[in-house]
Every structure is written in C-alpha cells, then in structure tokens.
Amino acid sequence: MKILVPVKRVIDYNVKPRVKADGTGVDLANVKMSMNPFDEIAVEEAIRLKEKGIATEIVVASIGPAKAQETLRTALAMGADRAILVATDDAVEPLAVAKILKAIAEEEQPALVILGKQAIDDDSNQTGQMLAALLGRPQGTFANAVTVEGDKVIVAREIDGGLETVQLALPAIITTDLRLNQPRYASLPNIMKAKSKPLATKAPADYGVDTAPRLRTVTVAEPPMRQAGIKVADIDDLVGKLKELGVA
Amino acid sequence: MTILVWIEHDGTAVKDAALSAVTAATKLGAVHALVAGSNVAAVGSAAAQIAGVDKVLVADDDAYANALAENLAPLIAGLMGDYDAFVAPATTTGKNVAPRVAALLDVAQVSDILSVEGPKTFTRPIYAGNAIATVESTDAKLVVTVRGTAFAKAEAHGGSATVEPVAGTGDAGLSSWVGAEVAKSERPELTSAKVIVSGGRALKDADTFQGTIFPLADKLGAAVGASRAAVDAGYVPNDYQVGQTGKIVAPDVYVAIGISGAIQHLAGMKDSKVIVAINKDEDAPIFQVADIGLVADLFTAVPEIAAKL
Ligand SMILES: Cc1cc2nc3c(=O)[nH]c(=O)nc-3n(C[C@H](O)[C@H](O)[C@H](O)COP(=O)(O)OP(=O)(O)OC[C@H]3O[C@@H](n4cnc5c(N)ncnc54)[C@H](O)[C@@H]3O)c2cc1C
Ligand SMILES: Nc1ncnc2c1ncn2[C@@H]1O[C@H](COP(=O)(O)O)[C@@H](O)[C@H]1O
C-alpha cells in the first residue's frame, strides 16, 4: 500500500519566535526553519510500516515556498520515496491545504495519509480532520500507536483522560502525537541519495484550489509579559510563602 | 446570531470545558446546546439548566456513544442550516470533531480562542503562545474552538432551556470504538485544579516521580502534571503533559519541580496566577516566569517542604 505524508516547513522548535514591530506577524527572516516535529514523527511511522513490509511506497508532499524543498529532501533522506512540492509564497490555511491534499490523494490513492496533529507555527490542529471530512474517510487523530490489520487500521489515541483505541476502515487518515515513535536522523549517505529521488513541483492552481485566506489577520501582538518574581532564600521561606498564598 | 454549542459529557455529567464554551458562545449571540450520545436524557436535562442556554437539542443514538467524529460531524453539519456558528471546547474530543464539521461546511475554523473581540473577530495564540493573533472570519458561518482557561465556566444551574429531540444521522460505518484506558484518580482534574504540582525530567523514573511529587501534591490538595520529557520517559501517563501540545492549565498556584521551562512547557502554564519553581540551576528559564523561585536540589527540598506544610 501507498502512504502519503504531508510535511510542513516551520520555524525550528528551539527558536523563540519574535513578533514583528508592525504587528503583521512573526519575524521569520534569518530564522532557522525545520520540518514540523509532528511531521517527522509521521514520516518515521510511514518508514516503519514500509520496513515491516506493509507499505510499498511513501510519497511526501508540502505546500509552501520553494524552500520547502529542503523539508521534502529531509523526508526523502529519512526514507520517503518521492516528493511533491505545491509551490506558493502565500500563507495557506488548513482548509485550503486539506483541499490540495484531497486532490493529491485522489491522484495517488494512498491507503493511509499520515499527518502531524498540529503545526507548531499556527497551532491549528485542523488539517488531518478536514482532509478526512473532504475525502469522506475515517480519522485516527493524536495517534500513540498504529497497527494495520488487513483492510483495517487500529489506532490508539492520546485523549484528555488517557488513551482510547479505535478501529478504522482503510483508506484512513492518521495524525501523530508525540509518543508514536522517535524519528530517526538521516545518515549522510542517505542525504546524498535523497538528492536524486524524484521531486515534482506543482502549483495550487494545478489542483484547482483557491488558496485565498478566509481568516483575515487583523494584528499579531506579543502576549502579556510575565515578570520574573523573587527567589526565596531557603525552604522555610518558600513554605511561608505557600502558607501566605493559602494553599497549605 | 444563533450559536450551536457542542456539549461534551461523560455520559452522565457535563464537562467543565463545555461550560466555558457556553460562556464564549454567549458573547456571540443566543445559545443552543447539542447533547449527543447514547441514553443521554439526563445529560440533556443537565444541559437545560446551564445559565445562558435557550434550547437543548438531544441526539440520542448508539452511534454517538463514544463521540466518534465520523458520526458526530454529519449530525452537526446537518443541524448548522439553522445556526450561524458552531462552538466546541478545545479539548482532545472537541479538536477531533470541530475541524471535521468545519470542512463539511467549507468554513475555516478558528482554533483555541482566547477572547471574542467582535461578531466574527477573535484572539488566539500562535507559535506556542509567543504571539497572539487577532483574526476575523470572512466565512458565512463560524466554527470556533474555545480554550477553557480563557473563559469562566457558565453557571451549571439556574437556566431553564427547552429540550428537543433531534434525529440522528446514524453510523457512518467508517470507524468503531474499541476501548479506552482512562486512569481514575482521587486527585482534582488537571484542567480545573486550583493547585498543580508538576514534575520534569529531573524526577529520574516513575517511582521517584511518585515518591517525590505525590506527597507534596497530597499536602496541597493539588493535581499532578508533568513536562513532555517526564511523560516521554514513562514517569507518568500521557494525559499528565502540560504544554503547547498537551493540556493548557491556569491554576491559582502552579509548582514546577525539576522543569527547565522550555517554551513548549510555558505555553501550557504561563497563565497560572502564581508560579512557583524549584530547580537546582539558577539560570533555568523557568525562573524568568516564576513569581517565587527556589534554587535547590529537589530531592532534599521537596520532601522537606512537604514535611513542613
Ligand atoms: C513538537 C514539540 C512539542 C512539545 N510539547 C511540549 C509540551 O506540550 N509540554 C512540555 O512540557 N514540553 C513539550 N515539548 C518539549 C520541550 O521542548 C522540552 O524538551 C521539555 O519541556 C523539557 O522537559 P523538562 O523541563 O522536564 O526537562 P529538561 O529540559 O531536561 O529540564 C530538567 C530540569 O531539571 C533540573 N534539575 C535536574 N536535576 C535536578 C535536581 N536534582 N533538583 C532540581 N532541579 C533539577 C535541571 O536544572 C533542568 O532545568 C515539546 C517539544 C516539541 C519538539
Ligand atoms: N502547508 C502544509 N504543507 C504540508 N502539510 C501541511 C501543511 N500545513 C499543514 N500540514 C499538515 O497538517 C498537519 C496539521 O497542521 P495544522 O492543522 O496547520 O495544525 C501538519 O502537521 C502537517 O502534517
């Protein structure tokens, strides 16, 4: 079976984002960018399914600027087979991303689409669920464990109270949570090999999708700053403060 | 404007997060509530008492027993002909269902709102809460999820809404519920606790975490939370994780023990009223947000604090 993994190029999780002075967004100039961490987990899961002989081909896709090629090459170096860049310099909202992914899925007919649960820049947590709706397919979101059994996939999901298990008919959509796996690093030989793996470049218009935003960003501001407080000298001092707070 | 709020429940009681979603919805217009589930007449009656709710729709069908998104989304999308907005709590279940509804309606969802600024304008956190975006929807209908800590809970009693059954849309035949492992704890729930004691990677292993963090939490009547590192290492279950991609909490007092204060962790707790940090590294970033900091080895400090309380 084929697996499609959408990967997004985002600010590296180690970078502290800075709001632009004019309030139009977050400053991404000269900032380290990486693959969305949840998408690394998605790529890793697809590779493990291939190593188990369940998946036969892994296609990765990214909607974003030309530089998103780097993100796709990283996925190819990890072990994906083929990449599709849907090039656009506009910020594309989850609904439009889901529509493009739907068109790709209709062309590629993957048995599984594995996405991240959330992009760490917009923190939307929407795209996988939207894609599942548009395709009329089941969704196993926030996956902690994935097991393919015949024409079904069993997904253990991280939920507020603990874990829940659902069974989905294939083809299905999965979104990854942090505990699904530990993504591998690409080895140097594999990074070299990835350079010659196929990467197709398309445009949103090729899929007939209008990417005009539905949400207008009025302004982007710094959150209220918290001031650092005091350091207490010793344990008795801390105990005293806790008692003053009325919690003990 | 009339708003449909999805009432999350556990089969018998309405969840606190749903009460916060009702509060957010009342800022937009008249509120109707949807209770979907199997044998949920009692939940329907409870929802009818929530202050601010005018009408309760009850969809009683086995297909809704476990809140599967594949079954709930068509039901909700079908009802939306009569509504201008759909509002759900930003819980794991709300996050699972709402975008599926939004896509069926061809609407861009506004996730995790912090405030209502106008009929179609909201603030929401982006980049792990390092920026707050004000966004205005241009869609004909709204789909919104609500951050529970940002809105007071609606009063659970005092309302007198009418209750009306609605026909279900049945089982979509795409998914089925197999089971759940939900830990029962005597402690307060993390997202509604007044005091939280959280532990990080420094706690070494599950036994050490329990032996160190739990006695202090017991003394303080606190819920227990954890950093991602502590969860990944298996000290505590996944639902203890506080942060950007875990639970968002805002207790009166948050005690962070052996937690460095990565931005992803701060994203989940920096709206706490008072933050207390115990860390042996005086330069740990957690001290930049802590109201009260103690630089100490937690393995000597925490037992001593618990003993003195
Ligand atoms: C996509 C993504 C999502 C994430 N989401 C979350 C999230 O939701 N929540 C979250 O918490 N993290 C999240 N993280 C992880 C985050 O980046 C940090 O790695 C994590 O929060 C670190 O956990 P920690 O503070 O327990 O560990 P560390 O950073 O290792 O800190 C341990 C601290 O313990 C102190 N210490 C050690 N020994 C002692 C001692 N004896 N006494 C006192 N202090 C001691 C050290 O000085 C140090 O400050 C996410 C990361 C990614 C990439
Ligand atoms: N521009 C994009 N290109 C490729 N995949 C994306 C893009 N945006 C979102 N995704 C996928 O959807 C997931 C959830 O993103 P979001 O709904 O924006 O939080 C991500 O982890 C990716 O797998």
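These legends walk through several close-up views of a predicted model. Local features need pLDDT of at least 70 and side-chain atom pairs count only at pLDDT 80 or more, while totals for chains, interfaces and linings use all residues. Residues are numbered from 1 along each chain as its sequence is written, chains are lettered from A and ligands numbered from 1 in the order in which they are written, and side-chain values use heavy atoms, with hydrogens and water left out.

**View 1. A:Lys2 and its surroundings in chain A.**
Let us begin with A:Lys2, a residue of strand 1 (residues 2-6) of chain A; helices (H or I, at least four residues) and strands (E, at least two) are DSSP runs, numbered from the N terminus. Its side chain makes a polar contact with the side chain of A:Glu108, at 2.6 Å. A polar contact is a pair of N or O atoms within 3.5 Å; within protein, one must be able to donate a hydrogen and the other to accept it, and residues adjacent in sequence count only if both atoms are side-chain atoms. Neighbours within four places in sequence aside, the residues in contact with A:Lys2 (heavy atoms within 4.5 Å) include A:Thr56, A:Val59, A:Arg82 and A:Leu112.

**View 2. The open sheet of chain B.**
Here 7 strands run in the order 5-9-4-1-2-3-10, with parallel pairing; two strands pair if DSSP finds at least two bridges between them. Strand 5 (110-113) and strand 10 (162-165) of chain B are the edge strands, each pairing on one side only. From one strand to the next, the twist averages 25°. Axes are lines fitted to C-alpha atoms, for helices over the stretch in contact, and angles run from 0 to 180 degrees between N-to-C directions.

**View 3. Strands 2 and 3 of chain B, with a helix packed on the sheet.**
Strand 2 (residues 30-37) and strand 3 (residues 53-60) of chain B are joined in the parallel sense over 7 bridges. Look for B:His32, which stands opposite B:Lys55 in strand 3 of chain B. Helix 3 (residues 69-79) of chain B packs on the sheet and touches strand 1, strand 2, strand 3 and strand 4 of chain B. The direction of helix 3 makes about 150° with that of strand 2 of chain B.

**View 4. Ligand 1 between chains A and B.**
The shell around ligand 1 holds 29 residues, and among those that come nearest are B:Arg201, B:Gln241 and B:Ser260; a residue counts as near if one of its heavy atoms lies within 4 Å. Oxygen atoms of ligand 1 lie 2.6 Å from a polar side-chain atom of B:Ser227, 2.8 Å from a side-chain N or O atom of B:Gln264 and 2.7 Å from one of B:Asn279. The protein buries 86% of the 990 Å² that ligand 1 exposes when taken alone, with areas from the Shrake-Rupley method with a 1.4 Å probe.

**View 5. Ligand 2 and its shell.**
Around ligand 2 there are 19 residues, with A:Ile63, A:Ala119 and A:Thr127 among the closest. An oxygen atom of ligand 2 is 2.4 Å from a side-chain N or O atom of A:Asp39, and a backbone N or O atom of A:Asn125 lies 2.8 Å from an oxygen atom of ligand 2. Taken alone, ligand 2 exposes 480 Å², of which the protein buries 98%. Strand 4 (57-64), helix 3 (94-108) and strand 6 (112-116) of chain A each give two or more residues to this shell.
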